[in-house]
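Hi,

Here is the structure I promised to pass on. Please look it over; my notes follow below.

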Amino acid sequence: MGIHRLTVTQLKNIKPQAREKKYADGGGLYLLVKPSGSMLWRAKYRFAGKEKTLSIGPYPTVGLTEARQTNASAKKQLLNGIDPSFEKKRQQQLLGKAYKEESFEILYREWIAVRKAGLAPATIKKNKCLIEKNVLPYLGRRPVADISRAEFVKCLDRVVARGAVSTESTSLF
């Protein structure tokens, strides 16, 4: 018999125990429930002959579907010879450095290059069109650290003003 996949109802009913407990979802994905009540998504995998664990994020901030998608992306990275934990750390370092020094456009282009491995071509195309038409012309050359939330909202307001309020809308592109 195989592992039973978790359901949203099961997740909502999980209570902390006196000891840590793991609730398996399959494919190496599990929810680690600590006695303190924190619930953390983890994915177990093997890389270069060693067992490793990828930290995905806390539940319910990271939902069941997102945790499964992240686990699936990690499996794709493994197929390409990439250690998901190492890549996650590398991306965090890259974002930290870029946040302080690099322009929004440089960071965006690096992000797209990394995300290509884990997303469908149509999703990449949609993201590129959205950002390149609505954000880069206004914020692309600015250092990321200097961009305020209000400036991003202004970019979104321009989209709404055009009447393109849905990413499914062809007028967005």
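**Helix 4 against helix 5**

In helix 4, Phe104, Tyr108, Arg109, Trp111, Ile112 and Arg115 meet Ile124, Asn127, Lys128, Ile131 and Glu132 of helix 5. Contact here means heavy atoms within 4.5 Å. By type, the residues of this contact are six nonpolar, one polar and four charged.

**Basis**

The model is predicted: local features need pLDDT of at least 70, side-chain atom pairs count only at pLDDT 80 or more, and totals for chains, interfaces and linings use all residues. Numbering starts from 1 along each chain as its sequence is written, and side-chain values use heavy atoms, without hydrogens and water. Helices (H or I, at least four residues) and strands (E, at least two) are DSSP runs, numbered from the N terminus.

**Strands**

Strand 3 (residues 39–47) pairs with strand 4 (residues 50–59) in the antiparallel sense, over nine bridges. Pairing requires at least two DSSP bridges. Phe47 has Lys50 in strand 4 as its bridge partner. The two strands form a hairpin with two residues between them. In the turn, Ala48 has a positive phi of about 55°.

**Asp25**

Asp25 sits in strand 1 (residues 21–26). Asp25 counts as buried because its relative accessibility is 1% (buried is under 20%, with a 1.4 Å probe and protein chains only). Its side chain makes a polar contact of 3.5 Å with that of Arg5 (N or O atoms within 3.5 Å, one able to donate a hydrogen and the other to accept it; residues adjacent in sequence count only if both atoms are side-chain atoms).

Best wishes

Methods: Nonpolar A, V, L, I, M, F, W, Y, C, P; charged D, E, K, R; others polar. Buried < 20%, exposed > 50% of the residue type's maximum accessible area, 1.4 Å probe, protein only.
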